[in-house]
Amino acid sequence: MFATKDISKSFGKLTALSNVSFEVEEGEIFGIAGPNGAGKSTLFNVITGVYAPTSGKIFFRGKDITNFKPDQICHLGIARTFQIPTAFHTLTVYDNLRVGAIFGAKRPESADEVLELLGLQEVRHRPARNLDLYTTKLVMLGAALATDCKLLMLDEPMAGLSMVEINNFLEIVRHINQEKGITIIIIEHLLDILISLTKRMLILSDGQVLYLGDSAGVAEDRRVVEVYLGGKGGVGHARH
Ligand SMILES: Nc1ncnc2c1ncn2[C@@H]1O[C@H](COP(=O)(O)OP(=O)(O)O)[C@@H](O)[C@H]1O
Ligand SMILES: [Mg+2]
């Protein structure tokens, strides 16, 4: 359903991504992990047209979408959330969802469906600036969902949440995947969460593919253990 082929991205002299290739199947929850600065968010930014890749290609449902603009990508059915929670602060919760529904889906009723799906009815008239972190994240997720996306990309959605909130969020992610049939790519720093949520994952380190394959095998992978669990070299010193 989705694939990148040899994606590289440089910022001046810094190579943030180097020949990153992976494929995601329809209906899958696919994980992306890696230490801070590995290039995870940059990969999302390149996929969603925030940055053009320096080289490489991106495919969605058989179509080459490399260098498409963010609004075109949204209208094709790819939506994302941001690592730093963002919402239109002066708009109400409901109007934030309506932005996604009207701009993305061209279907206003999509906002009402998402309001119910995420249990946001009680806060629907609250301005987004007055929300706690968890609710802000739900609103950001809701605005993405309201676009009627087929592929949803989540950038560290669980960072900063309590254990209870993380478990609630995981339940929502599974529900969106299973009941709505939405394919999901999720960036998550904590490997154990990602192993329990996904069948396959990609691990980046210094912009390179460190691991691509079954999530079940990740804890036994020597290179992952070295980079991730601070074995020889430790996190941030992955080059030997
Ligand atoms: N717009 C940018 N300009 C310059 N450097 C950037 C930019 N965005 C990201 N980087 C750099 O690219 C590298 C990867 O960053 P990022 O993708 O945010 O990593 P991650 O999300 O895995 O923590 C970092 O060294 C970061 O400083
Ligand atoms: Mg990031």
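Helix H1 gives the shell around ligand 1 its largest share, three residues. Helices here are DSSP runs of H or I with at least four residues, strands are runs of E with at least two, and both are numbered from the N terminus. The model is a predicted one, so local features need pLDDT of at least 70 and side-chain atom pairs count only at pLDDT 80 or more, while totals for chains, interfaces and linings use all residues. Residues are numbered from 1 along each chain as its sequence is written, and chains are lettered from A and ligands numbered from 1 in the order in which they are written.

Around ligand 1 sit Phe11, Leu14, Ala16, Gly34, Asn36, Gly37, Ala38, Gly39, Lys40, Ser41 and Thr42, where a residue counts as near if its C-beta atom, placed from the backbone, lies within 6 Å of the molecule. By type, the shell splits into four nonpolar, six polar and one charged; Ala, Val, Leu, Ile, Met, Phe, Trp, Tyr, Cys and Pro are taken as nonpolar, Asp, Glu, Lys and Arg as charged, and the others, Gly among them, as polar.

H1 also lies across a set of strands: E3 (29-33), E6, E7, E8 (183-187) and E9 (200-205). Contact here means C-beta atoms, placed from the backbone, within 7 Å. The helix runs at about 150 degrees to E7, with axes fitted as lines to C-alpha atoms, for helices over the stretch in contact, and angles running from 0 to 180 degrees between N-to-C directions.

Those strands belong to an open sheet of six, ordered E6-E7-E8-E3-E9-E10 with mixed pairing. Strands E6 (78-80) and E10 (208-214) are the edges, each pairing on one side only, and the twist averages 15 degrees from one strand to the next. Two strands are said to pair if DSSP finds at least two bridges between them. E6 pairs with E7 (residues 151-155) in the parallel sense over three bridges, and Ala79 has Leu152 in E7 as its bridge partner. E3 and E9 are parallel too, joined by four bridges, with Gly31 opposite Met201 in E9. E9 and E10, on the other hand, pair in the antiparallel sense over six bridges, and Arg200 stands opposite Asp214 in E10. Their hairpin has two residues between the strands, and Asp206 takes a positive phi near 50 degrees. E9 is mostly covered, with five of its six residues buried.

Another group of strands involves E1 (residues 2-11), which is joined to E2 by seven bridges in an antiparallel run; Thr4 is bridged to Phe22 in E2. This hairpin has two residues between its strands, and Gly12 in the turn has a positive phi of about 60 degrees. E1 is also joined to E4 (residues 55-60), again antiparallel, by five bridges, with Lys57 in E4 as the bridge partner of Lys5.

Helix H4 (residues 109-117) has Ser110, Ala111, Val114 and Leu115 as its buried residues. They cover an arc of only 140 degrees around the axis, which puts them on the same side of H4; the arc is that of the directions from the helix axis to the C-beta atoms. The face turned away from this buried side carries the exposed Glu109 and Glu116. Buried means 20 or more other C-beta atoms within 10 Å of the residue's own, exposed 12 or fewer, and partly exposed in between, with C-beta atoms placed from the backbone. The buried residues of H4 pack against helices H3 (93-105) and H5 (133-145).

How values were computed:
Two residues are in contact if their C-beta atoms, placed from the backbone, lie within 7 Å.
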